[in-house]
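Subject: Structure for you to look at

Hello,

Please find the sequence and the structure below.

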Amino acid sequence: MNTTQLRIYRHLLREINRQFAGANKAKVWSAQLREQWLEASHSPVSHASNLMAAQNVLTFMSNNRRYKELLAEFNPKMSEGDRIEKTARRVGLEAPQSYDTSTTGSPSSSG
């Protein structure tokens, strides 16, 4: 294996371990990757196309992981009222008071 192949293979293994860190999931996926990698190294298809496909998979996996991290950071689970208030504050406004039917009938702020 040349250095480019080895670098991509190691990055793929790292990404698998980051995303599938469950009990045996990472081991199963690592074994599958190893099997596919060895199979591809002996196939008549050009090494350049195999490397390009591996690089594409690596790019997809790392970007998908980063997307999930950003989604969790900037879009946390919150109630509808909290989400409206935070969105209004983000653009420099205040959310209007909403009518809460569960109380005595007086208007209250969201949240």
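Met78 is partly exposed, with a relative accessible area of 32%. Here, partly exposed is the class between buried, under 20% relative accessible area, and exposed, over 50%, with a 1.4 Å probe and protein chains only. Met78 sits in the loop between α3 and α4 (80-90). Apart from residues up to four places away in sequence, Met78 touches Arg83 and Lys86, where contact means heavy atoms within 4.5 Å.

Some ground rules. The model is a predicted one, in which local features need pLDDT of at least 70 and side-chain atom pairs count only at pLDDT 80 or more, while totals for chains, interfaces and linings use all residues. Residues are numbered from 1 along each chain as its sequence is written, and side-chain values use heavy atoms, with hydrogens and water left out.

The chain as a whole

The chain has four helices and two strands, in the order α-α-α-α-β-β from the N terminus. Helices (H or I, at least four residues) and strands (E, at least two) are DSSP runs, numbered from the N terminus. The chain has 111 residues, and 17% of them count as buried. Its accessible surface is about 8700 Å², with 57% of that belonging to carbon and sulfur atoms; the areas come from the Shrake-Rupley method with a 1.4 Å probe, and for residues only the protein chains shown count as cover. Of the contacts between residues at least 6 apart in sequence, 52% join residues at least 24 apart.

Helix α3

Helix α3 covers residues 47-74, which is 28 residues. From first C-alpha to last it reaches 40 Å, close to the 40 Å expected at 1.5 Å a residue; the expected span is 1.5 Å times one less than the number of residues. Leu51, Ala54, Leu58 and Met61 are buried in this helix. The cover over the buried residues of α3 includes α1 and α2 (25-41).

His47 also belongs to α3, and at 41% relative accessibility it counts as partly exposed. Beyond its neighbours within four places in sequence, His47 is in contact with Gln5 and Ser41. His47 and Gln5 are 42 residues apart along the chain, with 9.3 Å between their C-alpha atoms.

Gln5 is part of helix α1 (residues 3-19). Its relative accessible area is 14%, so Gln5 is buried. Neighbours within four places aside, Gln5 is in contact with Trp37, His47 and Leu51.

Leu12 is in helix α1 as well. It is buried because its relative accessible area is 4%. Not counting residues up to four places away in sequence, Leu12 touches Leu33, Trp37, Ala54, Val57, Leu58 and Met61. Leu12 and Val57 are 45 residues apart in sequence, and their C-alpha atoms are 8.1 Å apart in space.

Leu33 lies in helix α2 and is buried, with a relative accessible area of 13%. Its contacts, leaving aside neighbours within four places in sequence, are Tyr9, Leu12, Leu13 and Ile16. From Leu33 to Leu12 the distance is 8.3 Å, C-alpha to C-alpha, for a separation of 21 residues in sequence.

The aromatic pair

There is one aromatic pair in the structure. Tyr9 and Trp37 form this pair, which is tilted, at 5.2 Å centre to centre and 45° between the planes. Tyr9 lies in helix α1 and Trp37 in helix α2, so the pair ties together parts that are 28 residues apart in sequence. Rings of Phe, Tyr and Trp (its six-membered ring) pair if their centres lie within 6.5 Å; planes under 30 degrees apart count as stacked, over 60 as edge-to-face and the rest as tilted. Both Tyr9 and Trp37 are buried.

The largest pocket

The largest pocket has a volume of about 490 Å³. On a 1 Å grid over the protein atoms alone, a pocket is an open set of points where a 1.4 Å probe fits, with protein on both sides within 12 Å along at least five of seven lines, and lining residues have an atom within 4 Å of a point. Grid points are joined across faces, edges and corners, and the volume is the space filled by probe spheres set on the points. The lining consists of 21 residues, and Leu12, Leu33, Gln36, Trp37 and Ala54 lie nearest the centre. α1, α2 and α3 each supply at least two lining residues, and the largest share, nine residues, comes from α2.

Regards
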